[in-house]
Every structure is written in C-alpha cells, then in structure tokens.
Amino acid sequence: MSGPTTPGRRQLRGTDVKRLNRDWRRRTEARLGLLVESVTQPFNTGSIVRSAAAFGVERVWFAGNATPPTQKGVDKTALGTLRLVPWEHAGSAADAAAAVRKEGLRLVAIELTGDAVPLHEAPLDGDVCLAVGGEDHGCSPALLAAADAVAYIPQIGRVGSLNVAVATAIALAEARRREWTS
C-alpha cells in the first residue's frame with residue numbers, strides 16, 4: 001500500500017531539489033541553445049524562457065517580431081528565470097541562424113514539414129540549438145532553409161499541433177533525455 005507515509009515518497013524541499021538538480025547538471029556536457037522566431041504572446045515567451053532555464057539552455061536567440069523577455073507580462077510566466085538565461089534579439093531568422101552557427105551549434109527546427117523526422121529520431125546529439133516558430137505560422141521559410149535538420153513531435157490525438165511553449169519544453173526535454181541515456 002502506498003500513501004503519504006511511504007518512505008522516500010515525500011515531496012522534495014529546497015535543499016533537496018538543489019542537490020537533485022546539481023546531480024543532473026554533472027551528467028550534462030552538451031551545449032543547448034534555443035532560437036525563438038516570431039513568438040509574440042508574452043505568456044509563451046515567459047514559458048519558453050522558464051523551460052530554457054530548467055533545461056540549461058546557454059543562450060536564447062530571438063528573431064523576427066518575437067516578443068522580447070523585457071516586455072510587460074513575460075515575467076508572469078517566466079517566474080524570475082529571466083536572469084538565468086542569456087538572450088539577445090538577433091534580427092532576422094537568417095541573422096539568428098548565423099549567430100547560432102558562430103557559436104558552433106547545429107540548428108534543428110521543430111516544425112511539420114515533408115522532410116521532418118520524428119523528434120525521437122532527430123540529430124540531437126552533441127551541441128545543438130533547437131528552433132521554434134510563431135504561434136500561427138511556425139518557422140519561416142528562411143529559418144527552415146537555414147536549419148541543418150527539421151523534426152516534428154509525433155501526436156496521436158485529434159489535434160494537429162501543440163502550443164509553442166509546450167512544444168519547446170518537449171523538444172528541450174528530449175534533447176537532454178537523449179544525452180542522459182546515451
């Protein structure tokens with residue numbers, strides 16, 4: 001029988017969570033970046049930044065008309081994580097892709113295209129930057145052209161897409177999971 005008195009099944013508190021996260025950081029060597037193109041809703045930007053902080057993204061490049069983290073309302077969902085993730089607005093998608101390459105990262109766009117591979121088969125090994133596009137239109141043709149690979153998140157339900165912040169979190173988690181299980 002399990003329940004609140006089951007040994008080891010208590011919620012972790014601050015110090016324990018820090019220790020747990022430190023153990024996972026020690027297992028993590030790959031560099032992970034994120035390119036966010038034309039995501040305009042402040043709550044999506046905040047959620048994306050929070051996920052980036054949780055998965056150890058070293059830099060976020062914003063492109064196009066993406067809402068910057070400094071805009072009002074972003075911190076409501078970022079919950080104080082803005083200080084943990086360096087970011088910059090890199091201009092156009094092509095400019096952002098060039099900045100990603102300058103940092104030595106491979107660029108993998110998360111998008112539904114004819115040549116996209118399922119996320120679990122995508123080339124996420126080593127130093128990689130994931131790219132996501134705006135809420136309505138996804139990644140632009142310029143961003144897709146600049147990407148080294150394109151991956152999609154398989155879905156079996158009757159919905160054709162996910163919220164961009166949720167899709168970003170799934171993709172970041174898969175990139176880390178792949179490293180941790182290899």
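Guide: On a 1 Å grid over the protein atoms alone, a cavity is a set of points where a 1.4 Å probe fits but cannot get out. Its volume is the space filled by probe spheres set on the points, which are joined across faces, edges and corners. The model here is predicted, with local features needing pLDDT of at least 70 and side-chain atom pairs pLDDT 80 or more, while totals for chains, interfaces and linings use all residues. Residues are numbered from 1 along each chain as its sequence is written, and side-chain values use heavy atoms, leaving out hydrogens and water.

Visitor: How many cavities does a search of the whole structure find?

Guide: The search finds 1 cavity of 30 Å³ or more, and the volume of the largest cavity is about 40 Å³.

Visitor: Which residues line the largest cavity?

Guide: A lining residue has an atom within 4 Å of a point. Ala-30, Arg-31, Leu-32, Leu-124, Gly-126, Val-128, Ala-175, Arg-176 and Glu-179 make up this lining. Helix α6 contributes the most, with 3 residues; helices (H or I, at least four residues) and strands (E, at least two) are DSSP runs numbered from the N terminus.

Visitor: Why is Thr-45 called buried?

Guide: Buried means under 20% relative accessible area, exposed means over 50%, and partly exposed lies in between (1.4 Å probe, protein chains only). Thr-45 has 2% relative accessibility, so it is buried. This residue sits in helix α2. Beyond the neighbours within four places in sequence, Thr-45 is in contact (heavy atoms within 4.5 Å) with Val-39, Phe-62, Thr-67, Pro-68, Pro-69 and Val-74.

Visitor: Glu-174: buried or exposed, and how do you know?

Guide: Its relative accessibility is 12%, so Glu-174 counts as buried. Glu-174 belongs to helix α6 and touches Leu-119, His-120 and Leu-124, not counting residues up to four places away in sequence.

Visitor: What makes a nonpolar core?

Guide: The term covers a set of buried Ala, Val, Leu, Ile, Met, Phe, Trp, Tyr and Cys residues joined through side-chain atoms within 4.5 Å. The largest such core here has 29 residues, with Leu-34, Val-36, Val-60, Ile-110 and Leu-130 touching the most other members. Elements giving two or more residues to this core include β1 (32-37), β2 (59-63) and β4 (106-110), while α6 gives the most, with 6 residues. Another core, of 20 residues, lies apart from it and has Ala-63, Ala-90, Cys-139 and Ala-147 among its members.

Visitor: Why is the pair of Trp-24 and Trp-180 called tilted?

Guide: Rings of Phe, Tyr and Trp (its six-membered ring) pair if their centres lie within 6.5 Å; planes under 30 degrees apart are stacked, over 60 edge-to-face, and the rest tilted. The structure holds 2 aromatic pairs. In this one the centres are 4.7 Å apart and the planes stand at 50°, so the pair falls into the tilted class. Trp-24 in helix α1 (residues 14-26) and Trp-180 in helix α6 are 156 residues apart. Trp-24, at 32% relative accessibility, is partly exposed, and Trp-180, at 31%, is partly exposed too.

Visitor: How do you know which class the pair of Phe-62 and Trp-87 belongs to?

Guide: Their centres are 5.8 Å apart and their planes are at 85°, so this pair is edge-to-face. Phe-62 is in strand β2 and Trp-87 in strand β3 (residues 87-89), so the pair ties together parts 25 residues apart in sequence. Phe-62 is buried at 1% relative accessible area, whereas Trp-87, at 31%, is partly exposed.

Visitor: What makes a charge sit over a ring?

Guide: NZ of Lys or CZ of Arg must be within 6 Å of the ring centre and within 35 degrees of the ring normal. Arg-27 lies over the face of Trp-24, at 4.0 Å from the ring centre.

Key
On a 1 Å grid over the protein atoms alone, a cavity is a set of points where a 1.4 Å probe fits but cannot get out, and a pocket is an open set with protein on both sides within 12 Å along at least five of seven lines; lining residues have an atom within 4 Å of a point.
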